[in-house]
Amino acid sequence: MLDIPNRIAVAAPSLDGGVTKPDLITVEQAKAMSIGDITTAFKEHLNPGQLHFMKLLGFHKVKIESAEGMFYTDQNGRKILDFFGGFGSLAFGHNHPRILDARQKFQDEKRHEIAIAFMSQYAAALAKNIAACSPGDLNMVFLGSSGSEAMEAAVKLAERAAGPKRPKVVHAENSFHGKTKGVLAITDGQLYRADFKVTDNTVRVPFADIDAVENAFKSDPEIGVIVLETIQGGGGIIQAPAEYWQKLRALCDKYGVLWVADEVQCGYGRSGRFYAFEHYGVVPDVTALAKSLGAGKAAVGAMIARREVYMKAYGTPKTAMIHAMATFGGMGEACVTAIEGINVLYDEHLIDRAADSGEYLLERLQALKGKYPKIIKDVRGKGLMVGLEFQDFSQTLPMVLRPVVSMLDDKLKGSLSGFIGALLLRDYDVLVAFTEYNRNVIRLEPPLICERAHVDQFIAALDDLLGRGIVRIVKDFVGSQIG
(Lines give C-alpha, C1' and ligand atoms only; values in the text may rest on other atoms or scores of the structure.)
Protein backbone atom coordinates (compact mmCIF):
# COMPACT_ATOMS: atom_id res chain seq x y z
CA MET A 1 0.00 0.00 0.00
CA LEU A 2 1.28 3.43 -0.96
CA ASP A 3 2.09 5.48 2.13
CA ILE A 4 1.18 9.13 1.56
CA PRO A 5 1.63 11.10 4.79
CA ASN A 6 0.00 14.42 5.58
CA ARG A 7 -2.97 14.00 3.30
CA ILE A 8 -4.72 17.29 2.65
CA ALA A 9 -8.49 17.40 2.48
CA VAL A 10 -9.77 19.88 -0.07
CA ALA A 11 -13.33 21.10 -0.09
CA ALA A 12 -15.21 21.31 -3.36
CA PRO A 13 -14.96 24.83 -4.75
CA SER A 14 -17.94 27.10 -4.45
CA LEU A 15 -19.60 27.96 -7.73
CA ASP A 16 -20.99 31.22 -6.37
CA GLY A 17 -19.65 34.04 -8.49
CA GLY A 18 -18.01 31.71 -11.03
CA VAL A 19 -14.61 30.03 -11.05
CA THR A 20 -11.78 32.08 -9.57
CA LYS A 21 -8.59 32.34 -11.59
CA PRO A 22 -5.61 30.97 -9.65
CA ASP A 23 -2.32 32.85 -9.33
CA LEU A 24 -0.96 32.08 -12.78
CA ILE A 25 2.25 33.18 -14.49
CA THR A 26 1.79 35.02 -17.78
CA VAL A 27 3.93 34.45 -20.87
CA GLU A 28 5.81 37.70 -20.34
CA GLN A 29 6.37 36.91 -16.68
CA ALA A 30 7.71 33.48 -17.65
CA LYS A 31 10.15 35.10 -20.07
CA ALA A 32 11.37 37.42 -17.31
CA MET A 33 11.86 34.70 -14.65
CA SER A 34 15.21 34.81 -12.87
CA ILE A 35 17.54 31.83 -12.59
CA GLY A 36 16.49 31.52 -8.95
CA ASP A 37 12.79 31.50 -9.84
CA ILE A 38 13.34 28.90 -12.58
CA THR A 39 15.35 26.68 -10.24
CA THR A 40 12.67 26.84 -7.56
CA ALA A 41 9.87 25.97 -9.99
CA PHE A 42 11.97 23.15 -11.52
CA LYS A 43 12.68 21.70 -8.07
CA GLU A 44 9.10 22.01 -6.83
CA HIS A 45 7.18 21.03 -9.95
CA LEU A 46 9.42 19.24 -12.50
CA ASN A 47 12.31 16.99 -11.45
CA PRO A 48 14.29 17.64 -8.25
CA GLY A 49 16.66 14.73 -8.90
CA GLN A 50 17.58 15.94 -12.37
CA LEU A 51 18.49 19.32 -10.91
CA HIS A 52 21.31 17.59 -9.01
CA PHE A 53 23.02 16.61 -12.27
CA MET A 54 22.42 20.00 -13.86
CA LYS A 55 24.17 21.61 -10.89
CA LEU A 56 27.15 19.24 -11.23
CA LEU A 57 27.59 20.32 -14.84
CA GLY A 58 26.91 24.00 -14.20
CA PHE A 59 23.96 23.95 -16.59
CA HIS A 60 21.62 25.35 -13.92
CA LYS A 61 23.39 28.73 -14.09
CA VAL A 62 22.37 29.31 -17.71
CA LYS A 63 19.14 30.95 -18.79
CA ILE A 64 18.70 30.91 -22.55
CA GLU A 65 17.14 34.11 -23.87
CA SER A 66 17.26 33.31 -27.58
CA ALA A 67 18.75 30.92 -30.13
CA GLU A 68 19.66 31.23 -33.79
CA GLY A 69 21.58 29.00 -36.15
CA MET A 70 24.40 27.21 -34.35
CA PHE A 71 24.21 29.33 -31.19
CA TYR A 72 22.25 29.88 -27.98
CA THR A 73 22.39 33.30 -26.32
CA ASP A 74 22.19 33.37 -22.53
CA GLN A 75 21.10 35.98 -20.00
CA ASN A 76 24.52 37.65 -20.17
CA GLY A 77 24.59 37.90 -23.96
CA ARG A 78 27.06 34.99 -24.16
CA LYS A 79 26.83 32.96 -27.38
CA ILE A 80 27.05 29.21 -26.79
CA LEU A 81 28.06 26.94 -29.67
CA ASP A 82 25.59 24.05 -29.84
CA PHE A 83 27.35 20.72 -30.43
CA PHE A 84 24.59 18.94 -28.47
CA GLY A 85 21.82 19.61 -30.98
CA GLY A 86 19.01 18.32 -28.77
CA PHE A 87 20.09 14.68 -29.26
CA GLY A 88 19.77 15.18 -33.01
CA SER A 89 16.58 17.26 -32.97
CA LEU A 90 18.07 20.40 -34.51
CA ALA A 91 19.13 19.52 -38.06
CA PHE A 92 18.38 23.09 -39.17
CA GLY A 93 19.87 24.78 -36.15
CA HIS A 94 17.78 27.14 -34.08
CA ASN A 95 14.93 29.13 -35.64
CA HIS A 96 15.68 28.58 -39.32
CA PRO A 97 14.02 31.46 -41.20
CA ARG A 98 12.22 29.29 -43.75
CA ILE A 99 10.74 27.15 -40.99
CA LEU A 100 9.58 30.23 -39.09
CA ASP A 101 8.03 31.73 -42.22
CA ALA A 102 6.08 28.55 -43.01
CA ARG A 103 4.69 28.40 -39.49
CA GLN A 104 3.83 32.10 -39.43
CA LYS A 105 1.93 31.89 -42.71
CA PHE A 106 -0.02 28.89 -41.40
CA GLN A 107 -1.03 30.92 -38.33
CA ASP A 108 -1.81 34.11 -40.25
CA GLU A 109 -4.22 32.21 -42.52
CA LYS A 110 -5.86 30.44 -39.56
CA ARG A 111 -5.58 27.02 -41.18
CA HIS A 112 -6.96 23.89 -39.48
CA GLU A 113 -4.97 21.96 -36.89
CA ILE A 114 -6.62 18.80 -35.58
CA ALA A 115 -6.80 16.22 -38.36
CA ILE A 116 -9.34 13.73 -37.04
CA ALA A 117 -12.81 14.45 -38.44
CA PHE A 118 -11.61 15.40 -41.92
CA MET A 119 -8.73 14.34 -44.10
CA SER A 120 -5.76 16.68 -43.83
CA GLN A 121 -3.90 17.88 -46.90
CA TYR A 122 -0.90 18.56 -44.66
CA ALA A 123 -0.74 15.07 -43.16
CA ALA A 124 -1.23 13.53 -46.60
CA ALA A 125 1.48 15.71 -48.15
CA LEU A 126 3.95 14.97 -45.34
CA ALA A 127 3.36 11.23 -45.65
CA LYS A 128 3.89 11.44 -49.41
CA ASN A 129 7.14 13.40 -48.90
CA ILE A 130 8.48 10.92 -46.35
CA ALA A 131 7.67 8.06 -48.72
CA ALA A 132 9.49 9.91 -51.53
CA CYS A 133 12.60 10.12 -49.33
CA SER A 134 12.43 6.44 -48.39
CA PRO A 135 14.09 3.73 -50.51
CA GLY A 136 12.52 0.55 -51.81
CA ASP A 137 8.87 0.04 -51.00
CA LEU A 138 8.89 1.88 -47.66
CA ASN A 139 5.84 3.97 -48.46
CA MET A 140 3.16 3.61 -45.77
CA VAL A 141 3.41 6.25 -43.03
CA PHE A 142 2.01 6.64 -39.53
CA LEU A 143 2.38 10.12 -37.99
CA GLY A 144 2.82 10.73 -34.27
CA SER A 145 4.46 13.17 -31.90
CA SER A 146 7.66 11.50 -30.67
CA GLY A 147 10.28 8.86 -31.32
CA SER A 148 8.81 6.62 -28.63
CA GLU A 149 5.39 6.85 -30.26
CA ALA A 150 6.86 6.10 -33.69
CA MET A 151 8.72 3.08 -32.32
CA GLU A 152 5.63 1.84 -30.46
CA ALA A 153 3.77 1.99 -33.78
CA ALA A 154 6.63 0.22 -35.58
CA VAL A 155 6.85 -2.66 -33.12
CA LYS A 156 3.08 -3.10 -32.95
CA LEU A 157 2.80 -3.15 -36.74
CA ALA A 158 5.63 -5.66 -37.13
CA GLU A 159 4.35 -7.93 -34.36
CA ARG A 160 0.88 -7.96 -35.84
CA ALA A 161 2.17 -8.60 -39.37
CA ALA A 162 4.39 -11.43 -38.09
CA GLY A 163 1.28 -13.07 -36.68
CA PRO A 164 0.17 -14.54 -33.33
CA LYS A 165 2.35 -17.64 -33.71
CA ARG A 166 5.51 -15.51 -33.89
CA PRO A 167 5.16 -12.94 -31.08
CA LYS A 168 8.81 -12.72 -29.98
CA VAL A 169 10.94 -9.63 -30.65
CA VAL A 170 14.75 -9.61 -30.79
CA HIS A 171 16.60 -6.53 -29.56
CA ALA A 172 20.24 -5.66 -28.89
CA GLU A 173 22.33 -5.09 -25.82
CA ASN A 174 22.66 -1.39 -24.95
CA SER A 175 19.70 -0.53 -27.15
CA PHE A 176 17.53 2.53 -26.64
CA HIS A 177 14.12 2.66 -28.31
CA GLY A 178 12.15 4.90 -25.95
CA LYS A 179 10.81 5.17 -22.41
CA THR A 180 7.13 4.44 -22.97
CA LYS A 181 5.84 1.18 -21.54
CA GLY A 182 5.81 -0.93 -24.71
CA VAL A 183 9.26 -0.14 -26.11
CA LEU A 184 10.72 -0.20 -22.61
CA ALA A 185 10.83 -3.98 -23.05
CA ILE A 186 13.39 -3.57 -25.85
CA THR A 187 15.26 -0.65 -24.28
CA ASP A 188 18.23 -2.36 -22.66
CA GLY A 189 18.86 -0.12 -19.68
CA GLN A 190 18.11 -0.85 -16.05
CA LEU A 191 17.99 2.88 -15.33
CA TYR A 192 14.89 3.23 -17.51
CA ARG A 193 13.38 -0.19 -16.85
CA ALA A 194 13.73 0.26 -13.09
CA ASP A 195 11.19 -2.11 -11.50
CA PHE A 196 8.49 -1.75 -14.16
CA LYS A 197 6.87 -4.96 -15.36
CA VAL A 198 7.71 -5.18 -19.08
CA THR A 199 6.51 -7.63 -21.68
CA ASP A 200 8.36 -10.93 -21.68
CA ASN A 201 8.20 -11.71 -25.41
CA THR A 202 11.72 -10.39 -26.05
CA VAL A 203 15.07 -11.97 -26.91
CA ARG A 204 18.32 -10.08 -26.24
CA VAL A 205 21.44 -10.46 -28.40
CA PRO A 206 24.78 -8.60 -28.57
CA PHE A 207 24.78 -5.69 -31.01
CA ALA A 208 26.60 -6.31 -34.32
CA ASP A 209 26.91 -10.07 -33.65
CA ILE A 210 25.36 -11.74 -36.69
CA ASP A 211 26.05 -15.24 -35.39
CA ALA A 212 24.01 -14.49 -32.28
CA VAL A 213 21.13 -13.29 -34.47
CA GLU A 214 21.25 -16.40 -36.63
CA ASN A 215 21.39 -18.68 -33.60
CA ALA A 216 18.36 -16.93 -32.14
CA PHE A 217 16.40 -17.25 -35.41
CA LYS A 218 17.35 -20.94 -35.74
CA SER A 219 16.57 -21.93 -32.18
CA ASP A 220 13.30 -20.09 -31.68
CA PRO A 221 10.60 -20.30 -34.39
CA GLU A 222 8.43 -17.90 -32.36
CA ILE A 223 10.71 -14.97 -33.26
CA GLY A 224 8.91 -12.79 -35.78
CA VAL A 225 10.58 -9.38 -35.40
CA ILE A 226 14.05 -7.91 -34.82
CA VAL A 227 14.44 -4.27 -33.75
CA LEU A 228 17.80 -2.49 -34.02
CA GLU A 229 19.16 1.04 -34.03
CA THR A 230 21.24 1.42 -37.18
CA ILE A 231 23.71 3.41 -35.08
CA GLN A 232 23.38 2.99 -31.34
CA GLY A 233 23.14 6.42 -29.72
CA GLY A 234 22.72 5.69 -26.03
CA GLY A 235 25.19 2.83 -26.32
CA GLY A 236 27.97 5.28 -27.13
CA ILE A 237 27.67 5.87 -30.92
CA ILE A 238 28.25 2.24 -31.89
CA GLN A 239 28.12 0.99 -35.48
CA ALA A 240 28.04 -2.40 -37.14
CA PRO A 241 29.96 -3.11 -40.40
CA ALA A 242 28.21 -3.21 -43.78
CA GLU A 243 28.45 -7.01 -43.92
CA TYR A 244 26.40 -7.26 -40.74
CA TRP A 245 23.45 -5.39 -42.21
CA GLN A 246 23.63 -7.26 -45.51
CA LYS A 247 23.70 -10.63 -43.72
CA LEU A 248 20.91 -9.47 -41.41
CA ARG A 249 18.69 -8.68 -44.39
CA ALA A 250 19.42 -12.09 -45.86
CA LEU A 251 18.72 -13.87 -42.55
CA CYS A 252 15.44 -12.00 -42.07
CA ASP A 253 14.35 -13.04 -45.56
CA LYS A 254 15.43 -16.66 -44.97
CA TYR A 255 13.61 -17.04 -41.65
CA GLY A 256 10.65 -14.77 -42.40
CA VAL A 257 11.55 -12.28 -39.66
CA LEU A 258 10.56 -8.63 -40.01
CA TRP A 259 13.38 -6.10 -39.50
CA VAL A 260 12.53 -2.82 -37.79
CA ALA A 261 15.29 -0.19 -38.14
CA ASP A 262 15.18 2.51 -35.46
CA GLU A 263 16.37 5.68 -37.22
CA VAL A 264 14.89 8.12 -34.72
CA GLN A 265 18.29 9.57 -33.86
CA CYS A 266 20.58 8.50 -36.71
CA GLY A 267 18.10 9.16 -39.53
CA TYR A 268 16.98 12.28 -41.37
CA GLY A 269 20.36 13.03 -42.95
CA ARG A 270 22.48 12.94 -39.80
CA SER A 271 24.72 10.12 -41.01
CA GLY A 272 25.30 11.62 -44.45
CA ARG A 273 22.36 9.72 -45.99
CA PHE A 274 18.67 10.27 -45.38
CA TYR A 275 18.61 6.95 -43.54
CA ALA A 276 21.77 5.48 -42.00
CA PHE A 277 20.92 2.02 -43.37
CA GLU A 278 21.29 3.41 -46.91
CA HIS A 279 25.07 3.34 -46.41
CA TYR A 280 24.85 -0.45 -46.53
CA GLY A 281 22.63 -1.01 -49.55
CA VAL A 282 19.80 -2.61 -47.58
CA VAL A 283 16.20 -1.73 -46.78
CA PRO A 284 14.32 -2.80 -43.61
CA ASP A 285 10.67 -3.79 -43.46
CA VAL A 286 9.74 -1.00 -41.05
CA THR A 287 11.59 2.09 -39.85
CA ALA A 288 10.97 5.17 -37.72
CA LEU A 289 11.93 8.85 -37.72
CA ALA A 290 11.47 11.66 -35.21
CA LYS A 291 13.86 14.24 -33.69
CA SER A 292 14.64 16.64 -36.56
CA LEU A 293 11.55 15.60 -38.52
CA GLY A 294 9.83 18.41 -36.60
CA ALA A 295 12.50 20.87 -37.81
CA GLY A 296 13.29 21.94 -34.25
CA LYS A 297 9.90 23.67 -33.86
CA ALA A 298 7.34 20.86 -33.64
CA ALA A 299 7.00 17.39 -32.12
CA VAL A 300 6.72 15.00 -35.06
CA GLY A 301 7.48 11.30 -35.30
CA ALA A 302 6.80 8.85 -38.11
CA MET A 303 6.74 5.13 -38.69
CA ILE A 304 7.39 4.06 -42.29
CA ALA A 305 6.61 0.54 -43.48
CA ARG A 306 6.63 -1.56 -46.60
CA ARG A 307 3.12 -1.53 -48.02
CA GLU A 308 2.90 -5.33 -47.96
CA VAL A 309 3.71 -5.41 -44.25
CA TYR A 310 1.37 -2.52 -43.45
CA MET A 311 -1.55 -4.04 -45.33
CA LYS A 312 -1.03 -7.39 -43.59
CA ALA A 313 -1.41 -5.65 -40.22
CA TYR A 314 -4.02 -2.97 -40.89
CA GLY A 315 -5.15 -3.37 -44.49
CA THR A 316 -8.89 -3.96 -44.11
CA PRO A 317 -11.73 -1.73 -42.87
CA LYS A 318 -12.04 -4.12 -39.92
CA THR A 319 -8.39 -3.66 -38.89
CA ALA A 320 -7.68 -0.12 -40.12
CA MET A 321 -8.48 1.58 -36.82
CA ILE A 322 -6.42 -0.72 -34.59
CA HIS A 323 -3.57 1.78 -34.68
CA ALA A 324 -4.85 4.88 -36.47
CA MET A 325 -3.39 8.34 -35.78
CA ALA A 326 -3.91 9.71 -32.27
CA THR A 327 -5.34 13.14 -31.49
CA PHE A 328 -2.12 15.03 -32.16
CA GLY A 329 -0.79 12.85 -34.98
CA GLY A 330 -0.76 14.83 -38.22
CA MET A 331 -1.54 18.21 -36.66
CA GLY A 332 -1.64 20.93 -39.31
CA GLU A 333 1.13 23.29 -38.23
CA ALA A 334 3.38 20.40 -37.18
CA CYS A 335 2.98 18.80 -40.61
CA VAL A 336 3.60 22.11 -42.40
CA THR A 337 6.75 22.53 -40.31
CA ALA A 338 7.93 19.05 -41.27
CA ILE A 339 7.04 19.55 -44.96
CA GLU A 340 9.09 22.74 -45.11
CA GLY A 341 11.89 21.06 -43.18
CA ILE A 342 12.28 18.21 -45.66
CA ASN A 343 12.39 20.72 -48.51
CA VAL A 344 15.05 22.78 -46.71
CA LEU A 345 17.04 19.60 -46.02
CA TYR A 346 17.45 19.02 -49.75
CA ASP A 347 17.40 22.62 -51.00
CA GLU A 348 20.32 23.53 -48.72
CA HIS A 349 22.15 20.22 -49.34
CA LEU A 350 22.30 19.54 -45.61
CA ILE A 351 22.73 15.79 -46.01
CA ASP A 352 25.88 16.45 -48.03
CA ARG A 353 26.91 19.05 -45.43
CA ALA A 354 26.52 16.45 -42.67
CA ALA A 355 28.77 14.04 -44.57
CA ASP A 356 31.43 16.68 -45.24
CA SER A 357 31.43 18.38 -41.83
CA GLY A 358 31.20 15.01 -40.10
CA GLU A 359 34.23 13.66 -41.95
CA TYR A 360 36.15 16.82 -41.06
CA LEU A 361 35.09 16.59 -37.40
CA LEU A 362 36.24 12.96 -37.18
CA GLU A 363 39.54 13.85 -38.85
CA ARG A 364 40.21 16.69 -36.38
CA LEU A 365 39.22 14.52 -33.41
CA GLN A 366 41.50 11.71 -34.56
CA ALA A 367 44.35 14.22 -34.57
CA LEU A 368 43.50 15.14 -30.97
CA LYS A 369 43.43 11.46 -30.07
CA GLY A 370 46.98 11.20 -31.38
CA LYS A 371 47.95 14.26 -29.36
CA TYR A 372 46.29 13.11 -26.11
CA PRO A 373 46.34 9.28 -26.18
CA LYS A 374 46.27 9.02 -22.37
CA ILE A 375 43.00 10.97 -22.29
CA ILE A 376 41.14 10.06 -25.51
CA LYS A 377 40.46 6.34 -25.97
CA ASP A 378 38.42 6.34 -29.17
CA VAL A 379 36.75 8.50 -31.79
CA ARG A 380 33.91 7.06 -33.87
CA GLY A 381 30.79 7.96 -35.75
CA LYS A 382 29.23 8.67 -39.12
CA GLY A 383 28.28 12.07 -40.45
CA LEU A 384 27.37 14.41 -37.61
CA MET A 385 26.67 11.63 -35.12
CA VAL A 386 30.00 11.30 -33.33
CA GLY A 387 31.20 9.71 -30.10
CA LEU A 388 34.32 10.86 -28.26
CA GLU A 389 35.30 8.24 -25.67
CA PHE A 390 37.69 9.06 -22.86
CA GLN A 391 39.96 6.63 -21.08
CA ASP A 392 39.01 5.23 -17.69
CA PHE A 393 40.20 7.65 -15.06
CA SER A 394 43.12 5.48 -13.92
CA GLN A 395 44.60 5.41 -17.43
CA THR A 396 44.97 9.19 -17.47
CA LEU A 397 47.21 9.18 -14.39
CA PRO A 398 50.94 8.46 -13.94
CA MET A 399 51.81 4.74 -14.08
CA VAL A 400 52.54 4.53 -10.36
CA LEU A 401 48.98 5.59 -9.45
CA ARG A 402 47.09 3.41 -11.94
CA PRO A 403 46.88 0.14 -9.95
CA VAL A 404 45.29 1.88 -6.96
CA VAL A 405 42.90 4.13 -8.88
CA SER A 406 41.87 1.37 -11.32
CA MET A 407 39.84 -0.24 -8.53
CA LEU A 408 37.66 2.89 -8.59
CA ASP A 409 37.29 3.14 -12.37
CA ASP A 410 33.74 1.79 -12.41
CA LYS A 411 32.59 4.28 -9.79
CA LEU A 412 34.45 7.08 -11.57
CA LYS A 413 33.01 6.28 -15.01
CA GLY A 414 31.62 9.41 -16.57
CA SER A 415 33.49 11.74 -14.26
CA LEU A 416 36.06 12.82 -16.85
CA SER A 417 33.48 13.34 -19.60
CA GLY A 418 31.40 15.30 -17.07
CA PHE A 419 34.36 17.46 -16.04
CA ILE A 420 35.19 18.20 -19.68
CA GLY A 421 31.58 18.88 -20.64
CA ALA A 422 31.13 21.26 -17.71
CA LEU A 423 34.37 23.15 -18.42
CA LEU A 424 33.66 23.38 -22.16
CA LEU A 425 30.48 25.24 -21.28
CA ARG A 426 31.92 27.38 -18.49
CA ASP A 427 35.22 28.41 -20.09
CA TYR A 428 34.69 28.02 -23.84
CA ASP A 429 30.96 28.58 -24.44
CA VAL A 430 30.48 25.14 -26.02
CA LEU A 431 27.63 22.72 -25.25
CA VAL A 432 28.04 18.94 -25.67
CA ALA A 433 25.98 15.90 -24.64
CA PHE A 434 26.57 12.49 -23.07
CA THR A 435 25.44 8.88 -23.60
CA GLU A 436 23.26 6.68 -21.43
CA TYR A 437 25.19 3.42 -21.21
CA ASN A 438 28.85 4.31 -21.69
CA ARG A 439 29.32 7.31 -19.44
CA ASN A 440 32.88 7.86 -20.69
CA VAL A 441 31.51 9.04 -24.05
CA ILE A 442 30.69 12.60 -25.07
CA ARG A 443 28.03 12.66 -27.77
CA LEU A 444 28.42 15.23 -30.55
CA GLU A 445 25.33 15.87 -32.67
CA PRO A 446 25.54 19.47 -33.89
CA PRO A 447 22.96 20.82 -36.34
CA LEU A 448 23.46 19.76 -39.95
CA ILE A 449 24.08 23.41 -40.84
CA CYS A 450 27.43 23.00 -39.03
CA GLU A 451 30.32 24.34 -41.09
CA ARG A 452 34.04 23.63 -40.87
CA ALA A 453 34.55 26.92 -39.04
CA HIS A 454 32.25 25.67 -36.26
CA VAL A 455 34.22 22.43 -36.10
CA ASP A 456 37.43 24.44 -35.83
CA GLN A 457 35.94 26.48 -32.96
CA PHE A 458 34.96 23.31 -31.10
CA ILE A 459 38.32 21.59 -31.70
CA ALA A 460 40.27 24.66 -30.58
CA ALA A 461 38.28 24.73 -27.33
CA LEU A 462 38.70 21.01 -26.67
CA ASP A 463 42.42 21.11 -27.52
CA ASP A 464 43.03 24.00 -25.15
CA LEU A 465 41.07 22.29 -22.37
CA LEU A 466 42.83 18.92 -22.74
CA GLY A 467 46.14 20.77 -22.86
CA ARG A 468 45.64 21.71 -19.20
CA GLY A 469 46.26 18.09 -18.21
CA ILE A 470 44.17 15.87 -15.97
CA VAL A 471 45.25 17.32 -12.63
CA ARG A 472 44.31 20.86 -13.59
CA ILE A 473 41.08 19.73 -15.29
CA VAL A 474 39.99 18.06 -12.05
CA LYS A 475 41.10 21.07 -9.99
CA ASP A 476 39.26 23.51 -12.27
CA PHE A 477 36.08 21.42 -12.15
CA VAL A 478 36.19 21.27 -8.35
CA GLY A 479 36.68 25.04 -8.37
CA SER A 480 33.58 25.43 -10.54
CA GLN A 481 31.53 23.59 -7.91
CA ILE A 482 32.77 25.84 -5.12
CA GLY A 483 32.44 29.09 -7.04
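Phe142 stands opposite Met303 in strand β10. β10 (residues 301–306) pairs with strand β4 in the antiparallel sense over 6 bridges; two strands pair if DSSP finds at least two bridges between them. This is a predicted model, in which local features need pLDDT of at least 70 and side-chain atom pairs count only at pLDDT 80 or more, while totals for chains, interfaces and linings use all residues. Residues are numbered from 1 along each chain as its sequence is written, and side-chain values use heavy atoms, with hydrogens and water left out. Helices (H or I, at least four residues) and strands (E, at least two) are DSSP runs, numbered from the N terminus.

**Strand β4**

- Buried means under 20% relative accessible area, exposed over 50%, and partly exposed in between (1.4 Å probe, protein chains only).

**The sheet around β12**

- An open sheet of 4 strands has the order β11-β12-β15-β14, with antiparallel pairing.
- β11 and β14 (433–434) are at the edges with a single partner strand each, so one side of each has no neighbour in the sheet.
- Strand β12 (residues 385–390) is mostly covered, with 6 of its 6 residues buried.
- Met385, Gly387 and Glu389 are buried on one side of β12, and Val386, Leu388 and Phe390 are buried on the other.
- Strand β11 (residues 376–382) is joined to β12 by 6 bridges and runs antiparallel to it.
- Along this pairing, Ile376 has Phe390 of β12 as its bridge partner, and Lys382 stands opposite Met385 of β12.
- The hairpin of β11 and β12 has 2 residues between the strands, and Gly383 in this hairpin takes a positive phi near 65°.
- On the β15 side, 4 bridges join β12 to β15 (residues 441–444), and these two strands run antiparallel.
- Leu388 has Ile442 of β15 as its bridge partner.

**Packing of α7 and α11**

- Two packed helices are described by the angle between their axes and the distance between the axes.
- Helix α7 (residues 147–162) packs on helix α11 (residues 307–314) at an angle of about 75°, with the axes 8 Å apart; axes are lines fitted to C-alpha atoms, for helices over the stretch in contact, and angles run from 0 to 180 degrees between N-to-C directions.
- α7 and α11 are therefore roughly perpendicular to each other (under 35 degrees counts as roughly parallel, over 145 as roughly antiparallel, 65 to 115 as roughly perpendicular and the rest as oblique).
- Lys156, Leu157, Arg160 and Ala161 of α7 make the contact with Val309, Tyr310, Lys312, Ala313 and Tyr314 of α11, where contact means heavy atoms within 4.5 Å.
- The residues of this contact divide into 6 nonpolar, no polar and 3 charged (Ala, Val, Leu, Ile, Met, Phe, Trp, Tyr, Cys and Pro count as nonpolar, Asp, Glu, Lys and Arg as charged, and the others, Gly among them, as polar).

**Ser219**

- Ser219 is in helix α9 (residues 210–219) and counts as exposed at 59% relative accessibility.
- A polar atom of the Ser219 side chain lies 2.8 Å from the backbone oxygen of Asn215.
- A polar atom of the Ser219 side chain also lies 3.3 Å from the backbone oxygen of Ala216.

**Positive phi at two lysines**

- Lys110, a residue other than glycine, has a positive phi near 50°.
- Lys110 is in the loop between α5 (97–108) and α6 (121–133), and at 73% relative accessibility Lys110 counts as exposed.
- Lys291 is not a glycine but has a positive phi of about 45°.
- Lys291 is in the loop between β9 (286–289) and β10, and at 29% relative accessibility Lys291 counts as partly exposed.

How values were computed. Polar contact = N/O pair within 3.5 Å; in protein donor to acceptor, adjacent residues only side chain to side chain.
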